[in-house]
Amino acid sequence: MPTHYYLTLSFVLFLIGSGGVLLRRNAIIVLMGIELQLNAGNLALLAYSRALGDQKGQVFAFIVIALAAAEAAVGLAILVGLFRSRQTVNLDEASLMKR
């Protein structure tokens, strides 16, 4: 399969993730959008790695996967704390935590 197919899919996934981050107010949807963006980046790294015959892209993809797992753990912990205190995951109400 040609590399540009993977890159096109990566671009589309990144756009969908960006839409989720920029347009939605639900914190869970925003986290899912960020994960989608990270996975789109991984797909592009792996596509270039395959096309160039180099394994550096695979190493970077592994690092991105580890960072995504850490981001998900911290983000979900923050959301659980927000939900316990405010009974909502709406990001507009998250600014109330400053008080």
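1. Helix H1 and helix H2 (residues 27-52) pack with their axes 7 Å apart and at an angle of about 165 degrees. In this predicted model, H1 and H2 are therefore roughly antiparallel to each other, because angles over 145 degrees count as roughly antiparallel. The handedness of the crossing of H1 and H2 is left-handed. As for the residues that make up the contact of H1 with H2, 17 are nonpolar, eight are polar and one is charged. A student may wish to remember that two packed helices are described by the angle between their axes together with the distance between the axes.

2. Taken along the principal axes, the box that the C-alpha atoms fill is roughly 55 × 25 × 15 Å. Of the 99 residues, 23% count as buried.

3. On confidence, the average pLDDT of the protein is 88, and 96% of the residues score at least 70. The highest confidence belongs to helix H1 (residues 3-23), with a mean of 93, whereas the lowest belongs to helix H4 (residues 91-94), with a mean of 77.

4. Arg24 deserves a look in the loop between H1 and H2, where it lies. Is Arg24 buried or partly exposed? With a relative accessible area of 46%, Arg24 is partly exposed, because that class covers values between 20% and 50%. Arg24 can also be set against Val64: the two residues are 40 residues apart in sequence, and their C-alpha atoms are 24 Å apart in space.

5. The last point concerns Gln87, which is found in the loop between helix H3 (56-86) and H4. What is the phi of Gln87? Its phi is near 60 degrees, which is a positive value in a residue other than glycine. As background for this point, most residues other than glycine have a negative phi. Gln87 has a relative accessible area of 55% and is exposed, because exposed means over 50% relative accessible area.

Notes:
Residues are numbered from 1 along each chain as its sequence is written. This is a predicted model: local features need pLDDT of at least 70, side-chain atom pairs count only at pLDDT 80 or more; totals for chains, interfaces and linings use all residues. Side-chain values use heavy atoms; hydrogens and water are left out. pLDDT is the predictor's confidence in each residue, from 0 to 100. Helices (H or I, at least four residues) and strands (E, at least two) are DSSP runs, numbered from the N terminus. Axes are lines fitted to C-alpha atoms, for helices over the stretch in contact, and angles run from 0 to 180 degrees between N-to-C directions. Angles under 35 degrees count as roughly parallel, over 145 as roughly antiparallel, 65 to 115 as roughly perpendicular and the rest as oblique. A crossing is left-handed if the near helix is turned anticlockwise from the far one by less than a right angle, and right-handed if clockwise. Ala, Val, Leu, Ile, Met, Phe, Trp, Tyr, Cys and Pro count as nonpolar, Asp, Glu, Lys and Arg as charged, and the others, Gly among them, as polar. Buried means under 20% relative accessible area, exposed over 50%, partly exposed in between (1.4 Å probe, protein chains only).
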